[in-house]
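I opened this notebook to record what I looked up about the ligand and the pockets. The entries follow the order in which I consulted the model.

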Amino acid sequence: MTAPKLALTEGDLSSITADAVVVGTLQGPDGLALAPGAEAVDAAFDGTLVETLRTLGASGKDGELVKVPTFGKLATPVVLAAGLGKEAGEEQVRRASGVAARALGGKKKAVTTLASVHLGAAVEGTLLGAYGFTEYKSDKGDGPVAKVDLHAPVSKEARATVKASTAIAESVIIARDFINTPPNDLYPGSFADRAAKLATDAGLDVEVLDEKQLRKKGYGGILGVGGGSARQPRLVRIAYKGAKATKKVALIGKGITFDTGGISIKPAAGMDEMSSDMSGAAAIVATMVLAAKLKYPLEIIATVPMAENMPSGDAYRPGDVLTMYGGKTVEVLNTDAEGRLILADAIVRAGEDNPDYLIETSTLTGAQVVSLGKRTAGVMGSDSFRDRVAALGRAVGESAWAMPLPEELRADLDSRLADLANVTGHRWGGMLAAGIFLREFIADGVEWAHIDVAGPAYHSGGAYGYTAKGGTGVPVRTIAAVLADIAANG
Ligand code: BES
Ligand code: MN
Ligand code: ZN
């Protein structure tokens with residue numbers, strides 16, 4: 001789908017011709033108020049815009065959208081008043097811009113004054129709110145608004161902000177498109193091909209290991225999990241090296257293109273959503289494209305395992321012992337705890353590059369959703385880096401919360417036969433137990449974070465803010481913020 005074309009403009013608002021002008025509204029202490037940037041629009045209404053909106057029942061609350069005709073007061077026929085809630089923060093602007101962008105579908109041109117409140121957030125919210133996935137629809141509908149003028153002071157910095165935020169939104173969209181592509185078309189081989197093409201086109205170095213190469217090198221986790229599918233697994237490696245790279249960062253994402261649970265099969269209800277079990281991989285591939293565009297002064301190496309978890313005569317069994325890449329053995333007690341097995345291989349491989357930081361993300365556990373809900377990611381890892389990642393996620397509007405790795409859970413992963421079992425055999429702290437499992441494979445001295453996005457990666461309900469139903473692209477923006485932070489502060 002084509003994205004709206006954005007342009008910075010600081011011209012006189014009353015003379016800009018467009019189908020609509022977007023203003024922000026706030027829930028002030030005394031009722032609805034206008035957000036900054038709306039002054040010229042209000043002036044065209046002779047200062048009656050607030051009264052008009054109040055008369056229409058508007059309150060400025062988050063998610064609200066009220067349309068007011070201008071009857072020739074402006075060169076735009078309609079004012080779209082988008083509610084920010086109690087404050088005009090970045091995430092509020094992102095969401096209100098998303099709501100406005102969805103309401104503008106099919107229009108030729110709009111101008112948004114939210115750009116003057118938070119330029120980058122308005123860009124991201126507009127592009128993400130305009131997103132729709134119509135690849136498999138015969139009728140593609142109206143499509144998004146074709147052009148949006150960003151009404152804000154023009155400067156070199158402003159142009160750079162638009163460029164960076166556009167690149168970030170484009171990467172979120174790359175991730176969303178991968179996630180929304182159905183598993184009959186997106187399987188390990190085709191996912192690897194598509195990822196490799198994107199990365200190569202972005203000027204990145206790519207290596208794809210197929211099942212034969214995986215066997216030769218001893219990737220027992222990926223091969224074990226992927227063995228049940230007619231579509232054999234892959235391991236994709238993508239490398240980026242910025243000029244004056246100061247730190248090396250390893251990125252890893254879970255790429256289960258469909259998770260049936262395998263022989264430990266899942267119930268039928270809702271199983272279709274397990275087509276999103278490659279959201280971590282999608283986020284990492286998308287982040288590599290972003291790195292190539294934004295040219296972080298870092299070395300970044302992505303290691304992305306891709307497999308389909310299917311039951312079949314060739315499938316791995318509960319009771320099997322797998323020898324992982326690097327030699328550790330794992331007793332499989334539940335074939336539905338497959339993500340940690342492919343990730344263990346990838347984590348050990350990534351460790352061979354001697355990274356300073358390792359960030360891994362996955363739709364790893366239902367327990368994440370039980371404990372933190374559908375919209376908040378659980379972040380585990382080494383203490384300070386974990387806290388840093390969670391805080392940066394929140395700062396960019398991707399809700400994230402630091403979670404512990406309680407030591408007593410480690411013994412529950414002891415195996416009768418092997419070095420480790422893949423599940424604890426009880427339900428308690430399932431998200432944390434998965435984190436403890438992954439920790440066994442992290443190389444010594446590496447600062448690491450595991451971001452469990454089982455809930456946030458996929459939105460099952462109706463659209464809100466800049467989030468449509470389907471793949472969300474979480475945690476692309478979190479990881480982008482972490483990379484920028486490492487580039488700036490080490
Ligand atoms: N892919 C699932 C986790 C998941 C659940 C993601 C819900 C998104 C939404 C994962 O592979 C899985 O099945 N985990 C099991 C682990 C259990 C067997 C220890 C789970 O959470 O039930
Ligand atoms: Mn599973
Ligand atoms: Zn899974």
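This is a predicted model: local features need pLDDT of at least 70, side-chain atom pairs count only at pLDDT 80 or more; totals for chains, interfaces and linings use all residues.

Where does ligand 1 sit? I looked up the placement and found ligand 1 in the largest pocket.

Entry on the ligand shell. I listed 15 residues around ligand 1, with Lys266, Asp277, Asp336, Glu338 and Gly366 as the closest. By class, I recorded seven charged, four polar and four nonpolar residues in this shell.

Entry on polar contacts. I found a polar side-chain atom of Asp259 at 2.9 Å from an oxygen atom of ligand 1, and one of Lys254 at 3.2 Å from an oxygen atom of the ligand. For Leu364, I noted a polar backbone atom 3.5 Å from a nitrogen atom of ligand 1.

Entry on the largest pocket. I recorded a volume of about 1,000 Å³ and a lining of 43 residues, with Lys266, Leu364, Thr365, Gly366 and Ala367 nearest the centre. Helix 10 (339–351), helix 11 (366–372) and helix 13 (430–439) are the elements that give two or more residues to this lining; helix 11 gives the most, with five. The lining divides into 18 nonpolar, 15 polar and 10 charged residues.

Entry on the second largest pocket. I recorded a volume of about 370 Å³ and 14 lining residues, of which Met1, Ile173, Ile174, Asp177 and Phe178 are the closest to the centre. Helix 5 (156–180) and helix 6 (188–201) each supply at least two lining residues, and helix 5 gives the most, with five. I counted seven nonpolar, three polar and four charged residues in this lining.

Key. Residues are numbered from 1 along each chain as its sequence is written. Chains are lettered from A and ligands numbered from 1 in the order in which they are written. Side-chain values use heavy atoms; hydrogens and water are left out. A residue is near a molecule or strand if one of its heavy atoms lies within 4 Å of it. A polar contact is a pair of N or O atoms within 3.5 Å; within protein, one must be able to donate a hydrogen and the other to accept it, and residues adjacent in sequence count only if both atoms are side-chain atoms. On a 1 Å grid over the protein atoms alone, a cavity is a set of points where a 1.4 Å probe fits but cannot get out, and a pocket is an open set with protein on both sides within 12 Å along at least five of seven lines; lining residues have an atom within 4 Å of a point. A molecule sits in a cavity or pocket if more than half of its atoms lie within 2 Å of its grid points. Ala, Val, Leu, Ile, Met, Phe, Trp, Tyr, Cys and Pro count as nonpolar, Asp, Glu, Lys and Arg as charged, and the others, Gly among them, as polar. Grid points are joined across faces, edges and corners, and a volume is the space filled by probe spheres set on the points. Helices (H or I, at least four residues) and strands (E, at least two) are DSSP runs, numbered from the N terminus.
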